[in-house]
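Dear colleague,

Please find below the structure that I am handing over to you. My notes on what was found in it follow directly after.

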Amino acid sequence: MEAYSQRPAEQYRLANKGRVEVGYDADLVILDPHATGQITDEDVISRAGWTPYAGMEVRGHVQTVLLRGRVIEEGAPPQGRFISGPGIDNT
């Protein structure tokens, strides 16, 4: 967890991010690492409407997404918010 969430949050000075502790945002993805499936163009959410990975067999499936401690339902409109950090030019 340290390499994938804690350190990046500290480097980009993102308050309340990067840890699973009281007082931090509960932005989490819960997945089943043993589930298998196949990528399809229909699964991809993009303007292109296709992916070069279509047909690829993959392992792992997202079960639940939590944003600030609340479950995000599949197909829900975007609910995140942009948080500026160092190295990002917002001009």
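D32 lies in strand β1, where strands (E, at least two residues) and helices (H or I, at least four residues) are DSSP runs numbered from the N terminus. Please note that this is a predicted model, in which local features need pLDDT of at least 70 and side-chain atom pairs count only at pLDDT 80 or more, while totals for chains, interfaces and linings use all residues. Residues are numbered from 1 along each chain as its sequence is written, and side-chain values use heavy atoms, with hydrogens and water left out.

**D32 and its surroundings**

D32 has a relative accessible area of 28% and is therefore classed as partly exposed; the classes are buried for under 20%, exposed for over 50% and partly exposed in between, with a 1.4 Å probe and protein chains only. Setting aside neighbours within four places in sequence, D32 is in contact with G60, H61 and Q63, contact being defined as heavy atoms within 4.5 Å. D32 is also 6.4 Å from V62 in space, C-alpha to C-alpha, although the two are 30 residues apart in sequence.

**The sheet**

Three strands form an open sheet in the order β1-β2-β3, with antiparallel pairing; two strands count as paired if DSSP finds at least two bridges between them. The edge strands are β1 (28-38) and β3, each of which pairs on one side only. On average, neighbouring strands of this sheet are turned by 35° against each other, direction ignored. For that angle, axes are lines fitted to C-alpha atoms (for helices, over the stretch in contact), and angles run from 0 to 180 degrees between N-to-C directions.

Eight bridges join β1 and β2 in the antiparallel sense. Within this part of the sheet, L31 stands opposite V62 in β2, and V29 stands opposite V65 in β2. Between β2 and β3 the pairing is likewise antiparallel, over three bridges, and L66 has V71 in β3 as its bridge partner. The hairpin of β2 and β3 has two residues between the strands, and in this hairpin R68 takes a positive phi near 50°.

R59 is found in strand β2. With a relative accessible area of 65%, R59 is classed as exposed. Not counting residues up to four places away in sequence, R59 touches P33, H34, A35 and T36.

**The loop between α1 and β1, and the helix**

Two residues with positive phi deserve a note here. R13 is found in the loop between α1 (2-11) and β1, and its phi is near 50°, a positive value in a residue other than glycine. R13 counts as exposed because its relative accessibility is 65%. N16 is found in the loop between α1 and β1 and has a positive phi of about 65°, although it is not a glycine. N16 is partly exposed, with a relative accessible area of 40%.

In helix α1 itself one finds R7, which is partly exposed at a relative accessible area of 47%. R7 and P77 are 70 residues apart in sequence and 29 Å apart in space, C-alpha to C-alpha.

**The largest pocket**

The largest pocket has a volume of about 360 Å³. A pocket here is an open set of points on a 1 Å grid over the protein atoms alone, where a 1.4 Å probe fits, with protein on both sides within 12 Å along at least five of seven lines; lining residues have an atom within 4 Å of a point. Grid points are joined across faces, edges and corners, and the volume is the space filled by probe spheres set on the points.

The lining consists of I45, H61, V62, Q63, T64, V65, V71, I72, E73, E74 and G75. Both β2 (57-67) and β3 (70-72) supply at least two residues of this lining, and β2 gives the largest share, with five residues. By class, the lining has five nonpolar, four polar and two charged residues; Ala, Val, Leu, Ile, Met, Phe, Trp, Tyr, Cys and Pro count as nonpolar, Asp, Glu, Lys and Arg as charged, and the others, Gly among them, as polar.

With kind regards
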